[in-house]
Amino acid sequence: MIDTLLIVLVSILSGHSAVNIGKSKVVVFGGLVDKRFLSDVVVFDIDNKLWFQPECTGNGSNGQVGPGPRAFHIAVAIDCHMFIFGGRFGSRRLGDFWVLDTDIWQWSELTSFGDLPSPRDFAAASAIGNRKIVMYGGWDGKKWLSDVYVLDTSNFFAQAWGLSLEWMQLPVTGSVPPPRCGHTATMVEKRLLIYGGRGGGGPIMGDLWALKGLIEEENETPGWTQLKLPGQAPSSRCGHTITSGGHYLLLFGGHGTGGWLSRYDIYYNDTIILDRLSAQWKRLPIGNEPPPARAYHSMTCLGSLYLLFGGFDGKSTFGDIWWLVPEEDPIAKRYTESPPKVLPENKDVGMENYNSQFAVKESQRESSAIVELQKKLDISVSLSRPGLQIMDELEDEEFLELASRLMGAGVFSNGQVSRIQATQVLRDHWKKSTPRSIPIKELGPLLRDYQRLIARHLANLQSTELGLPGKEAYTFYHLKNSSQLHMVDIPKLLEEYKKLLAD
């Protein structure tokens, strides 16, 4: 039985970015919804299989907290930092530069720290190791670009020593790829691979190029090489994703031209891998129906799983979430109605839609059984699950000690009944409290009880609907302890806590 819940906070998006921060979270930023550009940050907690929306702080050059609304920007993760550059807002191409520290959820604007590339959208970028960022191409509103910029982010972390933070244009000799936008850029060991995109004058391309000279230690002269690999190569496209996982590069989706007689683009939902060991393209056999065709979505790799979100098919914007999983994965076993066909080329992969509504109903049944058993046996059952350590209030000694002091009853001596009464007294106390009346020593128990109520609220949901960020946004659910709270957070925490009590 699936023992984790997926809280869907993300909206119907395309043109957003999604990056992995370590092995613990995927950070989604910006995007486009019905011609409306967003600047939201929404996070997928990998360990607990839930979404949350952090309340970010920061101070930009114009007094704003973080980057303005945008889509089709670049986003690259270095350690716990997500770097954002460019993109589009309306018909305007952007050229500002930001970094988000995901440990404290704080934005810093870096636009004034040295020279920047020209404003652009539909560029592509990748991390070089865990230190540098490389960006290629894009569209500046007038022309397609083919420039290469490299940024050493270590200077950002050493600004106290007076080091500048500058994008350096890489001088490349020899043949170069045609200018383009809407392509992908993927760093594979010592080479940057560029695939597809829309070129000057509008043609959609299907060429693959490799750039050398990005690793200082190699002492190579920067230069491009066009690669023509054997196998079942993808058709020409742009707006696709290429995600690195193991010895594969996995390509999904995108759109291409419908031919000279067609007025409309064709959108794809094929899954193609570039096998780095055999250096050839392969069609990935799928054990069930793949997601609908789309472009300008995001796909991230989480171990052996791939998380697909959002996109656009020329008419509609998507807000669905899909997992690409090996067939032996518990998700695949749970939701495959009939055994998928064993396909000869790669029999261990199947595409499964992680249906959150079904998962919630299963968890609800499990939770109801536990609650009934708890009532009959008069025992407490911990809410803890792997990676989500939330103890029951009847086992939270600090919580109960605070309740005891409020009741003036000293140490508990009458077992569960008095503990349950004390719990209600403490919750009534917080229900009547104001932010200014909450002492620091109460923040730890309050935060834990807030997280308990969220876990219980989710377990009792009848269904989970896709909605705009904030519909089920619990700002502080992800915090490990109260030391991560700031004084300005207390009003928001208390507001959300009281709403949970009312629900």
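The following legends describe close-up views of a predicted model.

Residues are numbered from 1 along each chain as its sequence is written, and side-chain values use heavy atoms, with hydrogens and water left out. Because the model is predicted, local features need pLDDT of at least 70 and side-chain atom pairs count only at pLDDT 80 or more, whereas totals for chains, interfaces and linings use all residues.

**Figure 1. Overview of the protein chain.** The secondary structure comprises six helices and 32 strands; helices (H or I, at least four residues) and strands (E, at least two) are DSSP runs, numbered from the N terminus. Of the 503 residues in the chain, 51% are buried (under 20% relative accessible area, with exposed over 50% and partly exposed in between; 1.4 Å probe, protein chains only). Among the contacts with a separation of 6 or more, 57% are between residues 24 or more positions apart; a contact means heavy atoms within 4.5 Å.

Figure 2. Five strands form an open sheet in the order 7-13-12-9-8, with mixed pairing; two strands pair if DSSP finds at least two bridges between them. Strand 7 (57-58) and strand 8 stand at the edges, each with a single partner strand, so one side of each has no neighbour in the sheet. Strand 9 runs antiparallel to strand 8 (residues 74-78), to which five bridges join it, and valine 76 has phenylalanine 83 of strand 9 as its bridge partner. Five bridges also join strand 9 to strand 12 (residues 97-101), again antiparallel, with isoleucine 84 partnered by tryptophan 98 in strand 12. Two residues lie between the strands in the hairpin of strand 8 and strand 9, where aspartate 79 takes a positive phi near 55 degrees.

**Figure 3. Side chains of strand 9.** In a regular strand the side chains alternate between the two faces of the sheet. From strand 9, His81, Phe83 and Phe85 point one way, and Met82 and Ile84 the other way, all of them buried. Five of the five residues of this strand (residues 81-85) are buried, so the rest of the structure largely encloses it.

**Figure 4. Surroundings of isoleucine 21.** Isoleucine 21 belongs to strand 1 (residues 17-21) and counts as buried because its relative accessibility is 3%. Apart from neighbours within four places in sequence, isoleucine 21 contacts Val27, Ala77, Asp79, Cys80, His81 and Thr102. The C-alpha atoms of isoleucine 21 and threonine 102 are separated by 8.0 Å, although these residues are 81 residues apart along the chain.

Figure 5. The loop between strand 9 and strand 10 (88-89) holds glycine 87, which counts as buried at 0% relative accessibility. Residues up to four places away in sequence aside, glycine 87 touches Ala71, Phe72, His73, Arg92, Arg93, Leu94, Arg120 and Asp121. Between the C-alpha atoms of glycine 87 and aspartate 121, 34 residues apart along the chain, the separation is 4.2 Å.

**Figure 6. Polar contacts of aspartate 207.** Aspartate 207 lies in strand 21 (residues 204-212) and is buried, with a relative accessible area of 12%. Its side chain makes a polar contact of 2.7 Å with the side chain of arginine 180, and a polar contact of 2.9 Å joins the side chains of aspartate 207 and tryptophan 209. A polar contact is a pair of N or O atoms within 3.5 Å; within protein, one must be able to donate a hydrogen and the other to accept it, and residues adjacent in sequence count only if both atoms are side-chain atoms. Not counting residues up to four places away in sequence, aspartate 207 touches Pro178, Arg180, Ile194, Tyr195, Gly196 and Gln226.

**Figure 7. The largest nonpolar core.** Val27, Val41, Met82, Trp107 and Tyr450 touch the most other members of this core of 45 residues. Helix 5 (residues 443-459) gives the most to the core, with eight residues. A nonpolar core is a set of buried Ala, Val, Leu, Ile, Met, Phe, Trp, Tyr and Cys residues joined through side-chain atoms within 4.5 Å.

**Figure 8. Helix 3 and the residue after it.** In helix 3 (residues 397-407), the buried residues are Phe399, Leu400, Leu402, Ala403 and Ser404. Glycine 408 follows the helix and has a positive phi, near 70 degrees.
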